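Open the model in your viewer and keep the selection panel handy. We will go from the whole chain to the core, then to the charged pairs.

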Amino acid sequence: MHLRGRTAIPARSGAPIRPSTRPGSAEAAGNIFLRVQAAWTARDIAQAADVLTVEMRDRLDRECARLRASRRINRVERITLGRLAVMDARQDGGWDRVTVQIVASLVDYTTDEIGLKVLEGNPFDPVPFQERWELVRPSGPHPWRVSAIQ
């Protein structure tokens with residue numbers, strides 16, 4: 001996913017999340033990552049709207065609209081998740097927040113609208129990939145949503 005001007009993850013000052021609220025957040029991030037990448041490649045962020053905050057959904061929608069307007073498709077394929085690690089977990093103002101480092105390899109390239117001409121990247125060779133995703137949810141057993149990508 002080529003996001004120009006990634007959304008920074010702001011520093012948080014809340015209390016650490018209780019250990020009972022942390023299990024599964026890295027695995028949830030991995031599943032969410034795969035869903036968002038599939039929606040990104042389809043240029044249809046609505047497919048992953050339930051795992052994105054409204055602000056992140058709007059940002060990704062704008063990027064997809066830019067790709068559609070330029071008649072390009074950014075394809076993210078053959079994703080192999082390597083390491084998913086919770087880097088930070090906090091409760092802040094009634095919200096659980098976790099920052100998960102995602103280390104993976106994937107094939108990331110951009111084609112023309114028809115898909116016959118590669119414009120950027122390499123459709124054959126996987127490349128290493130690393131990002132930090134911030135997930136938020138109302139405190140408690142609620143689904144996680146992506147609020148920032150760094």
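Of the chain's 150 residues, 44% count as buried in this predicted model. Color by secondary structure next.

**The core.** Select Ile32, Val36, Leu52, Trp133 and Val146. These residues have the most contacts inside the largest nonpolar core, a set of 27 residues. Elements that each supply at least two of its residues include α1 (25-42), β2 (72-92) and β3 (95-112). Helix α1 gives the most, with 6 residues. Nonpolar side chains tend to be buried together in soluble globular proteins.

**Salt bridges.** The count is 7. Start with Glu113 and Arg43, whose closest N and O atoms are 2.9 Å apart. Glu113 sits in the loop between β3 and β4 and Arg43 in the loop between α1 and α2, so the pair ties together parts 70 residues apart in sequence. Arg43 is buried at 14% relative accessibility, while Glu113 is partly exposed at 29%.

Move to Arg137 and Asp96, a salt bridge of 3.0 Å, N to O. Arg137 belongs to strand β5 and Asp96 to strand β3, so this pair links parts 41 residues apart in sequence. Arg137 counts as buried at 8%, and Asp96 as buried at 0%.

Now pick Arg66 and Glu63, also joined by a salt bridge. They are 3 residues apart in helix α2, about one helical turn.

**Last stop.** Show the surface and select Asp44, Glu55, Asp58 and Asp61: they form a negative patch. Asp61 lies in helix α2 (residues 54-69) and is partly exposed at 32%.

Terms used:
Residues are numbered from 1 along each chain as its sequence is written. This is a predicted model: local features need pLDDT of at least 70, side-chain atom pairs count only at pLDDT 80 or more; totals for chains, interfaces and linings use all residues. Side-chain values use heavy atoms; hydrogens and water are left out. Patches are made of residues with over 30% relative accessible area and no salt bridge: like charges are joined within 9 Å, nonpolar side chains (Val, Leu, Ile, Met, Phe, Trp, Tyr) within 5 Å. Accessible areas come from the Shrake-Rupley method with a 1.4 Å probe; for residues, only the protein chains shown count as cover. A salt bridge is a side-chain nitrogen of Lys or Arg within 4 Å of a carboxyl oxygen of Asp or Glu. Lys and Arg count as positive and Asp and Glu as negative; His and the chain ends are not counted. The place of a charge is taken as NZ of Lys, CZ of Arg, CG of Asp or CD of Glu. Helices (H or I, at least four residues) and strands (E, at least two) are DSSP runs, numbered from the N terminus. Buried means under 20% relative accessible area, exposed over 50%, partly exposed in between (1.4 Å probe, protein chains only). A nonpolar core is a set of buried Ala, Val, Leu, Ile, Met, Phe, Trp, Tyr and Cys residues joined through side-chain atoms within 4.5 Å.
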